[in-house]
Amino acid sequence: MKILKNIIITAAMLAVATAICFILRPLVPTDTHVPLIYVLAVLCVSRLTEGYFYGVLASMVAVVGVNYIFTYPYFQVDFTVTGYPLTFIVMLTVSISVSALMTQIKMQEHVRLKAEKERMRANLLRAVSHDIRTPLTSIQASASGILDNYDALGRQEKVELLEGIRDESQWLIRMVENLLSITRINGDRAQLQTTWEVVEEVVGGAVGKFQKQFPQIEVETSMPEEVVMAPMDGILVEQVLVNLMENSAIHGKTTTKIRISVQKLPERVLFCVEDNGKGIATKDLTKIFDRFYRTDASRNSTRGGSGIGLSIVKKILEDHGGKVWATSKEGVGTTMYFVLRKYQEVPVS
């Protein structure tokens, strides 16, 4: 497939260059522009194809094409025309040099992107290592405390230690789910599998998962009267909703209620996750979806997280062709919005 794609691109660029030269022929008194147009075509081929071969091939074809089509005697290959051997050598040299330069630039870009990916992976490992070690240490200490002092501990003390183990375990589960989401979305974007999902079912799944961990927080949903379907990876979009609700529960501090609403817009579905927590500072609103970013309140918290939950939300939605943003008023609450492109209505029978 890649070979066929590269061949098609090469042929298309050369054909476009030839067409442009024919169009300009009656408009321009000389053919001095022809080699430049073909060099531009070689540049495009080198930029859009992989490796040196197709750029060099385009260079050879361009030189012969200029001689055959646009050099007198027309539609004949004749390299004996006065001055043409030098033109041939110069054009071939320029074309091959441009091709080689573009290929080298692409290779350098590939190396840079790979290095950046490795740097981000290292940052991620550093960011989550401490956050994972802390609850594991707490779980180990609580379990050891119960086992070593079982008879000495009262019932209430045992319950408190077990609740601590449960809470830390739930936090670890959330962290692992986010890490699994990262591995799921960090591959080739073409591997994202989308199917037509019923939006209400995805929301219901996310709410059910959230309330198992935060039963004390009331969750209200508001859906359109029609059954709305949208193309998505249902597991990832469910994770988006869970992450947004968890963000409200953990960082909202005073959150007691979350409301999820869905609205159908032209060509889009709009989701809103609204809470009655303490809100987010204005200076943080444009940064909270950046990877590893944590607000001042989060940094000072014993369970501040590693700053990947909302960045995962942003990445998942970008891969779906959507976007996410937030509004907030300190002391009143925060509303997170995100949109998915396209929707399909199914009339209720």
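Me: Why is Glu220 called partly exposed?

Reply: In this predicted model, Glu220 has a relative accessible area of 29%. Buried would need under 20% and exposed over 50%, so Glu220, at 29%, counts as partly exposed.

Me: What makes Arg259 and Glu220 a salt bridge?

Reply: The closest N and O atoms of Arg259 and Glu220 are 3.0 Å apart. The cut-off is within 4 Å, for a side-chain nitrogen of Lys or Arg and a carboxyl oxygen of Asp or Glu, so this pair qualifies.

Me: How do you know that this pair links distant parts of the chain?

Reply: Arg259 is in strand β4 (residues 257–265) and Glu220 is in strand β2 (residues 218–222), 39 residues apart. Glu220 and Arg259 also belong to a network of salt bridges with Lys257.

Me: Is Asp284 buried or partly exposed, and how do you know?

Reply: Asp284 has 3% relative accessibility. Buried means under 20%, so Asp284 is buried. Its salt-bridge partner is Lys283, at 3.4 Å from N to O. Lys283 has a relative accessible area of 48%, which is under the 50% limit for exposed, so Lys283 is partly exposed.

Me: Where do Lys315 and Asp319 lie?

Reply: Both lie in helix α9 (residues 309–319), four residues apart, about one turn of the helix.

Me: How many salt bridges does a search of the whole structure find?

Reply: The search finds five.

Note on methods
Residues are numbered from 1 along each chain as its sequence is written. This is a predicted model: local features need pLDDT of at least 70, side-chain atom pairs count only at pLDDT 80 or more; totals for chains, interfaces and linings use all residues. Side-chain values use heavy atoms; hydrogens and water are left out. Helices (H or I, at least four residues) and strands (E, at least two) are DSSP runs, numbered from the N terminus. Buried means under 20% relative accessible area, exposed over 50%, partly exposed in between (1.4 Å probe, protein chains only).
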